[in-house]
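Please look at the sequence and the structure shown below. The paragraphs that follow lead through the contacts between its side chains.

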Amino acid sequence: MNMYRVEIKNMFKSLIIWTVVMIGIVSLFMSMFPSMAGSGMSELIRAKIDAIPEAMRKSFGLSQSVNLSDLLQYFAYSAQYILIGNCIYAGILGANSLIREESEGTIEFLYAQPISRGKIVAIKMLSTITILIIFNIILFLTSFAFFEMFKEQGYKYFIEFSGVFKGMFLAQMVFWSIGFILSVILPKASLATPTALGVFFTTYMLGMFSNIIDKLHWMRYLSPVEYVMPGNIVKAGGSIEGEYLIISLVIIIIGTVFTFVRYKSKDLKL
């Protein structure tokens, strides 16, 4: 448990920074909702959106005209950008988790302790998941506060709203598991963050291409972000499509198992 507490402490600064940044983004988007919902504004924006070429609308998650005067639909459109930040953070956490010990020389200290490699991986995973849970709870409560502030009396939203955050956390766990794979195969810690970013944006672009070009629709299966797009979850009543849920869980399981197996046989730089 001492190692677990140390890991939480080491990641706390980055948690604060990412939380402040993401709260700022949530606050920026949600604070604009009253003006979007104002009389005449939503119709004007819808007319402007409809004038945008279809391919471009699809690339920005606007394949269908979004009613930005509706709180849930407005949040769903805004949340796709929050989703990007959340997934990047999760990928970076995973990618830096194990390889950081080798670059900082602390692996030599850990290796001298009566602790197995499997336990090191388990504690690293548990601590990063704890950080992600705290991160998501804070964003959830912040967004919930804005909903309570701006909703009309009797407006029902919680099922779809909570579904969006469940989808975000699922996507985060996918990139978290991919990050851990990178953490046990990359030779240098300096490559961890750039590679994690590269993986995310590559998959994200594949998802965009799948929406723009009909022949490339199959590429959406290579883009975990597409599995949990907030607009689709809201439209589905807060649920995630079964096939996407299964694919995500398979990736997470494979990533977790691979990390344990690879780390046990890895030649550590002591």
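**Charged pairs and the nonpolar interior**

Arg100 and Glu7 form a salt bridge, with their closest N and O atoms 3.2 Å apart; the term denotes a side-chain nitrogen of Lys or Arg within 4 Å of a carboxyl oxygen of Asp or Glu. Because Arg100 lies in helix α6 (residues 99-104) and Glu7 in helix α1 (residues 2-31), this pair ties together parts that are 93 residues apart in sequence. Helices here are DSSP runs (H or I, at least four residues), numbered from the N terminus. The model is predicted: local features need pLDDT of at least 70 and side-chain atom pairs count only at pLDDT 80 or more, while totals for chains, interfaces and linings use all residues. Residues are numbered from 1 along each chain as its sequence is written, and side-chain values use heavy atoms, with hydrogens and water left out.

Glu7 also forms a salt bridge with Lys124, the closest N and O atoms being 3.0 Å apart. Lys124 lies in helix α8 and Glu7 in helix α1, so this pair ties together parts that are 117 residues apart in sequence. Glu7 is buried, with a relative accessible area of 4%, and Lys124 is buried at 0%. Buried means under 20% relative accessible area, exposed over 50%, and partly exposed in between (1.4 Å probe, protein chains only). Through shared partners, salt bridges join Glu7, Arg100 and Lys124 into one network. The whole structure contains four salt bridges, one of which links Glu226 and Arg220 (3.7 Å, N to O).

The next topic is the nonpolar interior. A nonpolar core is a set of buried Ala, Val, Leu, Ile, Met, Phe, Trp, Tyr and Cys residues joined through side-chain atoms within 4.5 Å. The largest one has 64 residues, of which Met30, Phe75, Leu83, Phe147, Phe200 and Val225 touch the most other members. Helix α5 (residues 71-97) gives the most to this core, with 15 residues.

Aromatic rings also pair with one another. Rings of Phe, Tyr and Trp (its six-membered ring) pair if their centres lie within 6.5 Å; planes under 30 degrees apart count as stacked, over 60 as edge-to-face and the rest as tilted. By this rule there are 29 aromatic pairs. Phe75 and Phe161 form a tilted pair, 5.4 Å centre to centre with 45° between the planes. Since Phe75 lies in helix α5 and Phe161 in helix α9 (residues 158-185), the pair ties together parts that are 86 residues apart in sequence.

Note on methods
Helices (H or I, at least four residues) and strands (E, at least two) are DSSP runs, numbered from the N terminus.
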